[in-house]
Amino acid sequence: MKRSSEIRADRLIQALLLLQGRPQITAAELAAELEVSVPTARRDLEALAMAGVPIYPTRGRGGGWRLIGGARTDLTGLTEGEVTSLLIGLAQNGQADPQHVAATRKLLRAVPAPFREGAQRIAEATVRDVAWGEAADVDDPAKVALLQRAIGRRLRVRFEYAGSRGPSSAELVPLMVGSRGARWYLLGAAVSEGADVADEARLRTYRVDRIASLEILGAPGHPPAEFDAAAVWARMVERVEDLRGAVRATVRVEPWAVRALCDRFGPQARLLDDGESLEENGRVRVEVSAHRADALAEQLAGWASVAEVVEPVEIREELRLLGERIAATYR
């Protein structure tokens, strides 16, 4: 357990970091941030001033404490590359617990001012999400880091892409990188002709593992006006999930296998009736989905001993045909 002196030392460091990140701060605002009383926060500010930190109070309405002449104290000694790497690690971790949030906030406020803004962009433009079906091999982290660096510096990128319709090349403004399981995706946008601002109407999504010859360009690339990264990512996820879940089937599953099947299908599986009502044979009804009937049948084939498709007839027929092909192959 920390002693009171250690706790106060931690608070003073946090107070200094907050002062570095804002033009000024009031005792009440500091108290709310540190979860202490206003008198305690005021004493902490006075202690910083007495210790030689160049801060001073301004009285009256709109007053508060501020650093003299915008002074800054770099408590980390980190280089830009080191800060970027740390921010990438924190963002890719995907945690949202209070300690993780606090660590991110402290790091951003402690880093040298010249690249604090870029580090903040990287943190906000990186999403770690749940898996879309099967997890692929982990993508090259170097490519993810390079894309994040371009986002932080607001520069365009150029790369070769091995898409489903054949190879192509692309030059765009990278806006976000996000993962679904082990697979990473890039969300980017084309630049309006004669401008350095991206066009949200021309958003594109790319799988990072299909990107080759990636390079950061010297040309500036700014996101569209009022670009909402979280909302755009959510819409993209919903669109992809709808495409992947265009075909649905209801299956009866042995109770002990329900969790394993749901884990396997991920977002493409949901319990019907909350899994509380059992069929007469003791099985639980689960709805699963995929982008095509044959693909769904292939995924369900391996569960034949513990799961039976109730409907639709189309999936049952696909399973029957698949069984006949398997029997013919191994006859």
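**Exercise 1.** Classify Tyr206 as buried or exposed.

*Solution.* Tyr206 has a relative accessibility of 13%, so the residue counts as buried; the term means under 20% relative accessible area, with over 50% exposed and partly exposed in between (1.4 Å probe, protein chains only). The model is predicted: local features need pLDDT of at least 70, side-chain atom pairs count only at pLDDT 80 or more, and totals for chains, interfaces and linings use all residues. Residues are numbered from 1 along each chain as its sequence is written, and side-chain values use heavy atoms, without hydrogens and water.

**Exercise 2.** Determine how Tyr161 and Tyr206 are arranged, and where they lie in the chain.

*Solution.* Step 1: rings of Phe, Tyr and Trp (its six-membered ring) pair if their centres lie within 6.5 Å; planes under 30 degrees apart are stacked, over 60 edge-to-face, and the rest tilted. Step 2: for Tyr161 and Tyr206 the centres are 5.0 Å apart and the planes at 85°, an edge-to-face pair. Step 3: Tyr161 belongs to strand E4 and Tyr206 to strand E7, 45 residues apart, and the pair links distant parts of the chain. Strands (E, at least two residues) are DSSP runs numbered from the N terminus. Step 4: Tyr161 is at 11% relative accessibility and therefore counts as buried.

**Exercise 3.** State how many aromatic pairs the rule gives, and classify Phe159 with Tyr206.

*Solution.* Step 1: the count is three aromatic pairs. Step 2: Phe159 and Tyr206 have ring centres 5.1 Å apart and planes at 85°, so this pair is edge-to-face. Step 3: Phe159 lies in strand E4 (residues 155-163) and Tyr206 in strand E7 (residues 198-207), 47 residues apart. Step 4: Phe159, Tyr161 and Tyr206 form one aromatic cluster.

Terms used. Helix = DSSP H or I, 4+ residues; strand = E, 2+ residues; numbered from the N terminus.
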